[in-house]
Amino acid sequence: MDSGYDRTSLAKIAEAAGVSKATLFKQFPSKAALFDAIVTASWQAGEGDEGAPVVGDLRAGLSLIGRRYAALLTRPDMADLFRIVIAELPRFPELAESQFHRGKMPYFDSVRRYLEAEREAGTIRLEDPELAATQFLGMISNFVFWPRLLLAHWAPDGAAVESVVDEAVLMMAARYAAA
């Protein structure tokens, strides 16, 4: 995070981690492999210990998903990860590909699958689960993450974040809940 992707070598990382270069190279044969692992681990941290949301109670399920997503996006390293990807994009477009395909899309797909399960259970009526997942996650990220990416001191308090998640859940229920 300090030196950027281009100016950081695996040797420098091994030294900072207190491991031998050989140990690091056995685990991660390239800087790209290490970056992929960082991205994957960063996004998996948003899955939470509570397990998958229970299908059958849309508001409870979306509340759990929304709180996890807000917690994930407000972790300090998440904004740093996005900043590196954006800064290095012109020279290393594969970083953005990794962030998108190993991080954001698997997370997004888990939300889409949850909405599909709710549809199968008859608790919601929706034709496009992908659009609904985009709407829900967008309502949350637009407040808790994107301003933080651009404004170094953007840090809404817990009550504000909870309110945004609650409102996003209410919007989704108003739009999609079965009668």
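**Exercise 1. In this predicted model, is Tyr107 buried or exposed?**

Solution. Tyr107 has a relative accessible area of 7%. Buried means under 20%, so Tyr107 is buried.

Now look at Tyr69: its relative accessible area is 3%, which makes Tyr69 buried as well.

**Exercise 2. How many aromatic pairs are there, and what kind of pair do Tyr69 and Tyr107 form?**

Solution. Start with the count: there are five aromatic pairs.

Next, take the rings of Tyr69 and Tyr107. Their centres are 5.3 Å apart and their planes meet at 25°. Planes under 30 degrees apart count as stacked, so this pair is stacked.

Finally, find the two residues along the chain. Tyr69 sits in helix H4 (residues 58-73) and Tyr107 in helix H6 (residues 93-121).

**Exercise 3. Work out what kind of pair Phe82 and Trp146 form, and where each residue lies.**

Solution. Begin with the geometry: the ring centres of Phe82 and Trp146 are 5.9 Å apart, with 85° between the planes. An angle over 60 degrees counts as edge-to-face, and this aromatic pair is edge-to-face.

Then place the residues. Phe82 belongs to helix H5 (residues 76-88), while Trp146 belongs to helix H8 (residues 146-150). The pair therefore ties together parts that are 64 residues apart in sequence.

Check the surroundings too. Phe82 has 13% relative accessibility and counts as buried, whereas Trp146, at 39% relative accessible area, is partly exposed.

**Exercise 4. Which residues do ring pairs link into a cluster?**

Solution. The cluster is made of Phe82, Phe145 and Trp146, linked by ring pairs.

Definitions and conventions. Residues are numbered from 1 along each chain as its sequence is written. This is a predicted model: local features need pLDDT of at least 70, side-chain atom pairs count only at pLDDT 80 or more; totals for chains, interfaces and linings use all residues. Side-chain values use heavy atoms; hydrogens and water are left out. Rings of Phe, Tyr and Trp (its six-membered ring) pair if their centres lie within 6.5 Å; planes under 30 degrees apart count as stacked, over 60 as edge-to-face and the rest as tilted. Helices (H or I, at least four residues) and strands (E, at least two) are DSSP runs, numbered from the N terminus. Buried means under 20% relative accessible area, exposed over 50%, partly exposed in between (1.4 Å probe, protein chains only).
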